[in-house]
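Let's take a walk through this one together.

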Amino acid sequence: MIIGVIGDDVHVVGNRIMQLALEESGFQVFNLGTRNRPSHFRQAALEVNAHAVFVSSLNGEGEYWCADFRRQFADVGLGNIILYVGGNLVVGKRPQEDVVKTFKSYGFDRVYHQQRDIGVAIADLVEDLKHVQATYQRETRGN
Amino acid sequence: MSRPRTNAKLAGIERYRQQVISHPLARGISLDDVRDHLANLPRKRFPRVAYGNRGGIPCVQPRGGVPLFEAQYQLTRQLSEAGADFIPLTIDSYTRQNQYETATQLLRRSEEEGKNYLNGYPLISHGYELTRELYHEIDKPISLRHGTPDARLLVEVAIASGITEIEGGGICYCLPYSEGFPLDRCLLYWQYVDRVCAVNSSEDLPIHRESFGPLTATLVPPAIALAIEIVEALLAAEQGVTSFAVSFGQTGSIIQDIAAGRVLRRLTRHYLDRFGFEAVQSYIVYHQWMGQFPSGREKATAIIVGSSIISSMISADKIVVKTRDEALGVPSAEVNAEAVDTVRYVLRTFGCAEPVTSPLVDCEATLIESEVTSILGAIFDMSGDVFWESVFRAFQMGYLDVPFSPHIDNANKLISMRDRNGSIRISERGNVPISDEDAQLERRLLASRDIELDKSYRQLLTDINVMV
């Protein structure tokens, strides 16, 4: 899967922790690090044939950059890819359900606004990727 | 072999300087005028004099920079009256990124609306003539605090303003601050800064340089921080700097702090002497906790008090202080002055005549010294004959690896965690060339701790936010 921080944000601590946490849970992670544009995620997803993309934003720039996120993936034939977003997604205080609604309208499958523990998202990810796991096991058995 | 050399000084500096100061925002700096201005400053404006007069107590330095001249003028006086021994000038982020136009526009807007649109003092926008006015009647060193990868123009303007201490370095102002500024260019630009400090120095009143040892302030093992500090001291010495402070940030472990202070002092001297830089005077600066602060003011004050005592225990030459509002944003002048007063009170009350020691500290110091020696040895033994290039390659090879640096040239292979004393341990060394014995000892010390949490990332988060 692809992870990375969007916008001109250089907050890197959460990004590194995410990578460690995902790897510890058995995911193969391609980490784009900080200061990414939506096209970087799209390009990376194409290159490594990713199952999921997890965007993060700590300084609230996410709202600006993520509008239209799903469509950008659909344009290159990745319309069904799993898209997650998390962090401090907007500037200032806004109700949780507003933020979730906004980002779902951008095409994200799951939205984690100010969720402290990445464990929650990882559990969801394992669930959402069950079919991938099953396919993978079938393939390896066939070999 | 790429050892630091006494004949590695940047050539043609006079012409290079003319090129840099031909920038319109240098406002016609004349090098003769700068020389005269420095020659006429009170002696106490130079760090060497301030350090020489400090007695047994560490000098105290707050941080502080605001956009408006008047406000900076007030802040300077308030900090000085509160007893700061070094006066800070913290620069705004746009100037640090060489975006002088934006800094100037936001300064104008701040002036018009009476609101701060910058997070520091835009020195280049204000210019050196006005900035000199900030420091009339101040007889303490002024310290430039920034985070600028390309600080050539900034430092010219700073020195022209009468600023005698320049913080930073090619590594410490690049790796923690920038995601993509090319590290090799940054090292070259800081050679310029070091050389300019050297040519503006007189024998007894040098322009002083200081490195920024806390780096990312996120679980940086002392061996990494110390190796980088010593490298920056050597790079500056190569350019002729004769007064240099190495520094490190509070680790979160008292034992490790005392050990790190001892090793840093000893090895900085050792390597400067070894490569022919006996004339360089070195100092130790201790930074109060640079990680996440608690938002409760009592707890923040507790950290400030605790770290002040530690600075005494390691006989630091200077302590750089935080405020009780650290978690809340840029502190007011009053809160900042109050922090200076608190720290001075603690230092006076809990002074230590000699560095504290114990068998635990001895063990820790032996380990750190062995690791730093291995890392530096590997850098010196690289092929090639230019020291700064080896430093650059040390990052590409992962010999130097700073945890949680956003920079693309950083290897990110080293993983560190806290042991049961709160000391930072290397759990995965990556390509950092410490010996197998030292790596095993690090892991053994880490294993002595009961890991409380099931997943290591949760442990990491707890270890990072240990003071919150």
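Predicted model: local features only at pLDDT ≥ 70, side-chain atom pairs only at ≥ 80, totals over all residues.

Start with chain B, which holds 18 helices and 10 strands. Its C-alpha trace spans about 60 × 55 × 40 Å along the principal axes. How does the radius of gyration of chain B fit with a compact globule? For 468 residues such a globule would come out near 23 Å, and chain B has 21 Å, which agrees. On the inside, 54% of the 468 residues of chain B count as buried.

Now zoom in on helix 14 of chain B, residues 333–349. From first C-alpha to last, its 17 residues reach 24 Å, close to the 24 Å expected at 1.5 Å a residue. Buried residues in this helix are B:Asn336, B:Ala337, B:Ala339, B:Val340, B:Val343, B:Arg344 and B:Leu347. Where do they sit around the axis of helix 14 of chain B? They cover an arc of only 150 degrees, which puts them on the same side of the helix. As for what covers the buried residues of helix 14, look for strand 1 (59–61), helix 4 (69–82), helix 13 (297–313) and strand 8 (318–320) of chain B, which are included in the cover.

Strand 6 of chain B, residues 243–249, is another story: seven of its seven residues are buried. In a regular strand the side chains alternate between the two faces of the sheet. Here both faces are covered, with B:Ser243, B:Ala245, B:Ser247 and B:Gly249 buried on one side and B:Phe244, B:Val246 and B:Phe248 buried on the other. Strand 5 of chain B (residues 208–210) runs parallel to strand 6 and is joined to it by two bridges. One to look at pairs B:Glu210 with B:Ala245 in strand 6.

Next, hop across to the other chain. In the interface, 11 residues of chain B are in contact with 12 residues of chain A. The chain B side of it has six nonpolar, three polar and two charged residues.

Chain A has an open sheet of five strands in the order 2-1-3-4-5, with parallel pairing. Which strands stand at the edges of this sheet? They are strand 2 (30–31) and strand 5 (110–113) of chain A, each with a single partner strand, so one side of each is left without a neighbour in the sheet. Elsewhere in the sheet, strand 3 (residues 52–57) and strand 4 (residues 82–87) of chain A run parallel and are joined by six bridges. To get your bearings there, find A:Val55, which stands opposite A:Val85 in strand 4.

Finally, check the backbone in two loops of chain A. A:Arg35, in the loop between strand 2 and helix 2 (38–48) of chain A, has a positive phi of about 55 degrees although it is not a glycine. A:Gln114, in the loop between strand 5 and helix 6 (118–128) of chain A, also has a positive phi of about 55 degrees without being a glycine. Are these residues exposed or partly exposed? A:Arg35 has 18 C-beta neighbours inside 10 Å and so counts as partly exposed, whereas A:Gln114, with 12 other C-beta atoms within 10 Å, is exposed.

Technical notes. Residues numbered from 1 in each chain as written. Chains lettered and ligands numbered in written order. Helix = DSSP H or I, 4+ residues; strand = E, 2+ residues; numbered from the N terminus. Rg over C-alpha atoms; globule rule 2.2 N^0.38 Å. Buried ≥ 20, exposed ≤ 12 C-beta atoms within 10 Å, placed from the backbone. Expected span 1.5 Å × (residues − 1). Arc of directions from axis to C-beta. Contact = placed C-beta atoms within 7 Å. Nonpolar A, V, L, I, M, F, W, Y, C, P; charged D, E, K, R; others polar. Pairing = 2+ DSSP bridges.
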